[in-house]
Amino acid sequence: MENNVLNEMDRVDPNLRDEMLAELFLDQMMNNFKKSKILEKIDQSLKNKDKEAFFRLTEDLKSVS
């Protein structure tokens with residue numbers, strides 16, 4: 001699958017390809033940042049023994065993954 005995507009990317013205009021790759025990179029970085037923040041909050045909810053927050057945050061984490 002990855003090879004097919006890479007082969008298709010070779011056929012795309014270089015400027016458009018660079019823009020698409022930059023957008024994918026930024027999206028991945030934003031997802032990583034969101035996951036990191038949610039994981040910090042999950043840790044805090046565990047320290048505070050806050051079950052409601054823990055379950056809400058784990059659901060939030062699933063939607064970001």
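Modeller: Partly exposed covers what falls between buried, under 20% relative accessible area, and exposed, over 50%. The model is predicted.

Colleague: What makes K37 count as partly exposed?

Modeller: K37 has a relative accessibility of 36%, so it counts as partly exposed.

Colleague: Why is the contact of E40 and K37 called a salt bridge?

Modeller: A salt bridge needs a side-chain nitrogen of Lys or Arg within 4 Å of a carboxyl oxygen of Asp or Glu. For E40 and K37 the N to O distance is 3.7 Å, so the pair meets the cut-off of 4 Å. Both lie in helix α2, three residues apart, about one turn of the helix.

Colleague: How many salt bridges does the structure hold?

Modeller: Two. In the bridge of E59 with K62, the closest N and O atoms are 3.1 Å apart. Those two residues lie in helix α3, again three residues apart. E59, at 46%, counts as partly exposed, whereas K62, at 57%, is exposed.

Colleague: What makes the pair of F54 and F55 edge-to-face?

Modeller: Planes over 60 degrees apart count as edge-to-face. The ring planes of F54 and F55 stand at 70°, with centres 5.5 Å apart, so the pair is edge-to-face. The structure holds one aromatic pair.

Colleague: How do you know that the span of α2 agrees with its length?

Modeller: At 1.5 Å a residue, its 34 residues should span 50 Å, and the end C-alpha atoms are 49 Å apart, which agrees.

Definitions and conventions. Residues numbered from 1 in each chain as written. Predicted model: local features only at pLDDT ≥ 70, side-chain atom pairs only at ≥ 80, totals over all residues. Heavy atoms only, no water. Helix = DSSP H or I, 4+ residues; strand = E, 2+ residues; numbered from the N terminus. Expected span 1.5 Å × (residues − 1). Phe/Tyr/Trp six-rings, centres within 6.5 Å; stacked < 30°, edge-to-face > 60°. Buried < 20%, exposed > 50% of the residue type's maximum accessible area, 1.4 Å probe, protein only.
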